[in-house]
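Dear colleague,

I am handing over the structure we spoke about, and my notes on what was found in it follow below. Please read them with the structure open beside you.

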Amino acid sequence: MKIFTHFSFVSFSNSYLVGPAEGGDAIIIDPGIMDVPLLQLIEKNSYTIRYILITHNHESHIRGGRTLLKIYPAEVFGGSANLLDRDSSLLKDGDSIELGGIKIESLQVFGHSSDSMVYRIGSCFFTGDVLSAGGIGSTPNRYARALLIQGIQQKLLSFPKGTVYPGHGPPSTIEAERRFNPFLQKENE
Amino acid sequence: MDTSKAVCAFPGCEKPALSFTSYCAEHLPDPHRHMERVMDYLSGREDHSDICLAGITISGMNLEKHRFRDCIFDEAVFLDCSLEKSMIQGCFFSNARFENCRFSGCEIRYSIFCGSDFRDCDFQGSDILHSNFNGIHGLRLNFSDSDLYYSSFVSSRLEEVRFIDCNLKKVNYLNTTRDTVNFKYSNYEEAVFAAIQNEE
């Protein structure tokens, strides 16, 4: 399996292209933009987008999805039943699905938004806005913030290791977030 | 990155196996022979992708203009190496150690250096984009004339580090300890120093 990162200069967000090394049916996680470089990335690697995974229904993470759906006949998955102006496959916490031979587990982490999902593929965590390198998602109040931190600690940092692919900013590791993320240290004290 | 990595053949060990062997650095049956193979490989070509050399020590090597994609160098040690004008994309250098290494004119993207130790290293004139330096200890480093867009130094300890005339847009210095750090001529107003939350 290969993972490619694509950065959107419009929404400053990351999209991830996930597919078999030899090409074929592929997944896009959070299509923040659909531009020519992303199209070239897909086509150059002989991929057809069959599945779109949305970490949460915020514009910076879905903006490119509508265009993408005009090019590729993809099925949409996420924590809401309606995404990208169409019915989508609703995922719940702990669901395991297999898309194009790739096993995906959905982990629901509340706090940043009511539909926030983290997708785990093996040891790779696609965290959207839940967790970024040295940061956590914005929250509307202290209760939501506590819920978010609790969710991160219980559902993500409970894994001994893994790679974090966030919706914004550079990649990280589970170990690095456990050791260096200041938002998570305070709660551990 | 390619996620299909073999694990060490030593019973019970779950660390990734190094390239050119079935074992991790700790369980290598013949580390000297493996090191020779690594040196031959690195000096024989400039394009390297999906290799795992976690925990090895590379000393005095010229890796100028080499291109590394999706490689794993976690806990590796680099001593007196030159990586000038090299390209490093999607690579892992967690808990690594760099001493007296030259990265001038480098292009580093989407790479992880968390928890690493850097001493007397030169990154001058580099593009260091979307890369993660959280939790590093940096002593006598020079990032001057570099573009550090969206890179992160959260919870790091920086001593005698120069960021002169750099692009620091969206660079994250939250929770850093800084002693004699120079941001002259850089747009530090666009960097993050205080606790703010994600915009979206």
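To begin with one point of orientation, in which loop of chain B does B:Gly105 lie? This glycine belongs to the loop that runs between strand 6 (97-99) and strand 7 (107-109) of chain B. Please keep in mind throughout that this is a predicted model, and that every value below was computed from it.

B:Gly105 is partly exposed, its relative accessible area being 34%. When its neighbours within four places in sequence are left aside, B:Gly105 is in contact with B:Lys85, B:Gln124, B:Gly125 and B:Ser126. Between B:Gly105 and B:Asp145 there are 40 residues in sequence, while their C-alpha atoms are 9.6 Å apart in space.

The cysteines

A search of the whole structure, over all chains, finds zero disulfides. B:Cys81, for one, is in no disulfide, and the nearest cysteine sulfur to it, that of B:Cys101, is 4.9 Å away; a disulfide would need the two sulfur atoms within 2.5 Å. B:Cys81 counts as buried, because its relative accessibility is 0%. B:Cys106 is likewise in no disulfide, and in its case the nearest cysteine sulfur belongs to B:Cys91, 11 Å away. With a relative accessible area of 2%, B:Cys106 is buried.

Helix 1 of chain B

Helix 1 of chain B covers residues 31-44, which makes 14 residues, and from its first C-alpha to its last it reaches 20 Å, close to the 20 Å expected at 1.5 Å a residue. Which of its residues are buried? They are B:His34, B:Met35, B:Val38, B:Tyr41 and B:Leu42. Seen down the axis of helix 1 of chain B, these buried residues fall within an arc of 125 degrees, and therefore they line one face of the helix. The face turned away from that buried side carries the exposed residues B:His32, B:Arg33, B:Asp40, B:Ser43 and B:Gly44. As for what covers the buried residues of helix 1, the cover includes strand 1 (47-49), strand 2 (57-59) and strand 3 (67-69) of chain B.

The interface between the chains

On the side of chain B, 31 residues are in contact with 37 residues of chain A. The area buried between chain B and chain A is about 2700 Å², and carbon and sulfur atoms give 55% of that area. How many salt bridges does the rule find across this interface? The rule finds one, and in it B:Asp50 pairs with A:Lys2, the closest N and O atoms being 3.7 Å apart. The pair crosses between chains, from A:Lys2 in strand 1 (residues 2-8) of chain A to B:Asp50 in the loop between strand 1 and strand 2 of chain B. A:Lys2 is buried, with a relative accessible area of 18%, whereas B:Asp50 is partly exposed, with a relative accessible area of 24%.

Salt bridges elsewhere

The side chains of A:Asp85 and A:Arg66 meet in one of them, at 2.9 Å from N to O. This pair links distant parts of the chain, since A:Asp85 is in the loop between strand 6 (82-83) and strand 7 (86-87) of chain A, A:Arg66 is in helix 3 (residues 65-71) of chain A, and the two are 19 residues apart. A:Asp85 is exposed, with a relative accessible area of 63%, while A:Arg66, at 30% relative accessibility, counts as partly exposed.

In the other, A:Arg179 forms a salt bridge with A:Glu175, and here the closest N and O atoms are 3.4 Å apart. Both residues lie in helix 5 (residues 174-180) of chain A, where they are four residues apart, about one turn of the helix. A:Arg179 counts as partly exposed at 40% relative accessibility, and A:Glu175 counts as partly exposed at 29%. Returning to A:Asp85 and A:Arg66, salt bridges that share partners join these residues and A:Glu59 into one network.

Technical notes. Residues are numbered from 1 along each chain as its sequence is written. Chains are lettered from A and ligands numbered from 1 in the order in which they are written. This is a predicted model: local features need pLDDT of at least 70, side-chain atom pairs count only at pLDDT 80 or more; totals for chains, interfaces and linings use all residues. Side-chain values use heavy atoms; hydrogens and water are left out. Buried means under 20% relative accessible area, exposed over 50%, partly exposed in between (1.4 Å probe, protein chains only). The expected span of a helix is 1.5 Å times one less than its number of residues. The arc is that of the directions from the helix axis to the C-beta atoms. Contact means heavy atoms within 4.5 Å. Buried area is the accessible area (1.4 Å probe) that two parts lose on being put together, summed over both. A salt bridge is a side-chain nitrogen of Lys or Arg within 4 Å of a carboxyl oxygen of Asp or Glu.
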